[in-house]
Amino acid sequence: MKALAKAMMAPFALSATFLALHNGYAASSAACNPNTVGTPAMFHCEGYTSLPPLLTGAATAYKSQRQYFPQSWSQLGYDQRHNPVFEVPGNAPNYLTDGTFWAAPLTGLDFQDLKRALPSVDNNGEAWGSATSQYLGNVVGVSVVQGITFVQNGRREIWAIDTATGRAIWNREVTSSAGMGQALVQSVNGKLMVFVPVGDAAFTVQNAIDFANGKPHYRGANFAGLQVFDALTGKPLWRYATQGSERPTPVFLDGKLYVTTNSTKTAILDAASGTELGSFTNPTNGYSGLAAANWMKTADGRTLLVYGTIRPGRIFAVDVTDAGAPVLAWSYTPPGATANAPGDTSMAIDPELGLAFTTVFSNTGTGSAPVFDLNLIAIDVASGQPVWSQLMGAGDSPPGYKGSIPMVKDGVVYTGNTLNGTYQAYKAATGEHLWTSDLSSPEEPADATHRPRAASVLHQGKLIVVEGRFVHTLDPATGVRLNRFQNPGFFGIWGVNQPVIIGNLAVMSSISGWVFGVPVDFITTNSGIEGEAGVVPVEVSPPAQPVYYDASAKPKSKDAALFDNSVLAYAGGASHNSVSANGPAGVSWQAALKDATPLTAAAKDEALFGKEVATQMMQVGFGASSGVSPAAGVVYAGSGRYSVDAINATTGKLLWRVRSQNANFGQPLVTPGAVIVASGDPWLNLGKTGQFKQQSPATSIGDNWALLRAYDRDSGVEKWTVYTGTGTSGMTPLYRNGNLYWVNGQGKVWAVNAETGAPVAPFMDAEGQPVVTLSGFNAISSANIYHTPTGSDLMVVGLAMPNRMVAIDLDSAATVWTQDLAVTGETTYSTGFAAVSPAVSQDQGLVVGSVLTGADTNANSSNVLAYALDAGSGEVVWTRYLASGVIPTGFAGITPMLDAARVYFNNPLNQSVAALDLASGAPLWETVTPAAQGKLSWGLGVVVNGKLIQPVGDSLLTLDAANGNLLNTRQVGGAFVYNHPTIAGETLYIGNSWGWVLAMPLAELIGN
């Protein structure tokens, strides 16, 4: 409990303890009244018991008062110096001259919901803030143009807000996380356009593998790029796709867009059409992280684009004078640069001095005894020569973003030190140190941290610094603190969110995804919430509601009675043959999940990534869950698009849809009281890629919040939620005696009651946290169960780093056996066993699976090895090579399916389906399939009436289970990557990687 209390007292943690405020507004320990949003009282309370209203309407400020605002937004921080402060004339409207209060709760109560994930974070809450800001809120700040505030959110959104009232004018969903870029707004050919950089900060497993093997790689796990909309209506105009996230904010200059990416490429685009005019590849394959480019025109007539990269940590200037032929002007390697420096920190430029300023996280010690310091560097933009540098003070290593964005104004450069929680000022020309201001306060806990990452703003003789939950007001001449305002949690800044000030109105974004307006003098003269932060009870967060519900789609009683009432196991049970005699006569329909892609279309950005990679990305980003679950007349399906659907199993009509916090790869389980969906992503953060390269047992998989959530079967209303940190829970849990068990992406063993979500001993402690942790991690291996002759039950599951299969006694939590196949002389590939869900033959006492072995990364070749283990002891019973071929993309392995005598594998490495004797592993038959090139399928099939129905590529193949003869091919379109079919009665149900759920009459596939 002490660790939880410590986490809750982080600067951005939620609070329920308040004292009287200096401005006379009394703080309340009760939850906020939603009606206080848009009033001063919204800054004096924390949690909400119901959703504040999100007001919508026309942009009144744009229509009549746009002349009082910036007319365009060209780069991060508005201009080269990063000081987005705008004076207004005396005749400006009152909401600008005096300021006003409003808030736009763009993400509802998701932030409050996510506070429940804090106990699963093993530090003081900074990792929680990092994940929350990246996948929910805004990281870098808003753009305000012609009366409209544009805000990007981590949950894949761009919003246009009326700056006068906070009313939402329009919003659009984009392909990936959008919270880490700042929108550009420009009038191009008479049309006001908003340019939205899109992309996440994660690494796919394939990029981690490439990094480990010293090959070129990029950052960004999902479809990314620059998406462009009509700024007044939100109408999509064009999209420029990038390999690697488009997290850095682009630069607009002279009708062109300069786009740096999380790959090695910088592109120059025509702003009107998105046409690529030229491109530049960074030397040594470095790539920008979050660092936005800056620019300067030199005295000799060159236009230079300046930015930093990661791996290696360097600073480049690219001469873009000729847009069609950009060339390297210079490069500079800061001494001691480590981690993500300088590729995450955006430089400020003073064009009069001709200097660029940046902070670089540096190791001034040695590799074995590091000393971390933040180095403020000034570089001559024309030549690339360092002019001066100042070490700002040593400290700890912050998680995630480690630098601080400088702001330069009137010959002074201002910047923070994230290592020791200070803010500092230097003469821009010479580097002379002017002052250092400690942002801490005596009343804080001793272990409180301050991370001033964002650029400050200078407004009417006051320097305003936002960080964590605080707005600090400093004297710019001396650094003396004039005021410290503490925001409520929903208005906590945390990231590199810089305020925008127009007149006396400050517009700010937050880690929560809410954006708000407040008078500048309110936050520079009042104290906000005082005292130590307490804990908001979990009960404050109301149950999550469905985003869509249609009571008319509920199945009729006679239809519901045809089905089994529950689905309690992945792929039908231990043998993975998902067939039930109960179900309807053959029905046929196709239901689109959220943002489904037409089945006739190619994978998104296939020309950029290649078919295999793009197809896998479709499964993760848009596809249906590995399996769909028909029960009592409803088919439940998860989606990679952060949603769960309940579909009438007879008609295909949508009953309800919920929005989840993460992708839903695992198959939903349907108990008598709930439908339970596991959520998680198969990605790594920057730090974990280093551990992956070292094959460290501390490696974990998962970047966004992972969780298990139970929904009411009929309504979709949340029943309970268990957050599992950032270690993925994308696999399907094991159901046994009313409890759920799974091993997550951090190797932690979780066990909860299926009806209540309550922790189950001996795997969990009283506070709901795992007490059993296995070395290594699980990726997508859904655990299976073996009932021993002595009456105990063993959970068998695959892990990686180290690669092995593990059996755990479900009563004692003891590890009974492990098996890594080393006794056979095999060397398993780095993806290990963690990508395959093992099948279990209860009759023969076998655990059956597959693994990649003998990988040669130079020759790009590997083998697929099938194996069977004694389920009680883990001893190897048999192994059998299935085929050799090129190393597949990412985590991959063939999930087996068993009948009484055979084990079936669909092997995309040689495009065949094979059957082996279950007892001996002897080959029985192998059939070459007409598989679609590049659309590799790793899922299992079903056997019914002596026929094997196997998803392969874009089709369902029917084979004679006895001899492998191909009997029928049903082309569906899209792809089946990890999707497996389920048969209920005379109907086959299956999800598709393009985001569809399909029902097909069984007779059409196997005949009568």
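Guide: With the lining of the largest pocket: 17 residues are nonpolar, 18 polar and ten charged. Here Ala, Val, Leu, Ile, Met, Phe, Trp, Tyr, Cys and Pro are nonpolar, Asp, Glu, Lys and Arg charged, and the others, including Gly, polar. This is a predicted model: local features need pLDDT of at least 70, side-chain atom pairs 80 or more, while totals for chains, interfaces and linings use all residues. Residues are numbered from 1 along each chain as its sequence is written, and side-chain values use heavy atoms, without hydrogens and water.

Visitor: Which helices each supply at least two residues of that lining?

Guide: α5 (126-135) and α11 (686-693) do. Helices (H or I, at least four residues) and strands (E, at least two) are DSSP runs numbered from the N terminus.

Visitor: How is Ala168 placed, buried or exposed?

Guide: Ala168 belongs to strand β6 (residues 168-173). Ala168 is buried because its relative accessible area is 4%, and buried means under 20%, exposed over 50%, partly exposed in between (1.4 Å probe, protein chains only). Beyond neighbours within four places in sequence, its contacts (heavy atoms within 4.5 Å) include Leu54, Thr56, Trp159 and Ile161. Ala59 is 109 residues from Ala168 in sequence, yet the C-alpha atoms are 8.4 Å apart.

Visitor: How do I read a sheet?

Guide: Strands pair through backbone hydrogen bonds, parallel or antiparallel. In this model, β41-β42-β43-β44 is the order of an open, antiparallel sheet, with β41 (669-670) and β44 (718-723) at its edges. Pairing requires at least two DSSP bridges; β43 (residues 707-711) and β44 have five. Leu707 stands opposite Tyr723 in β44.
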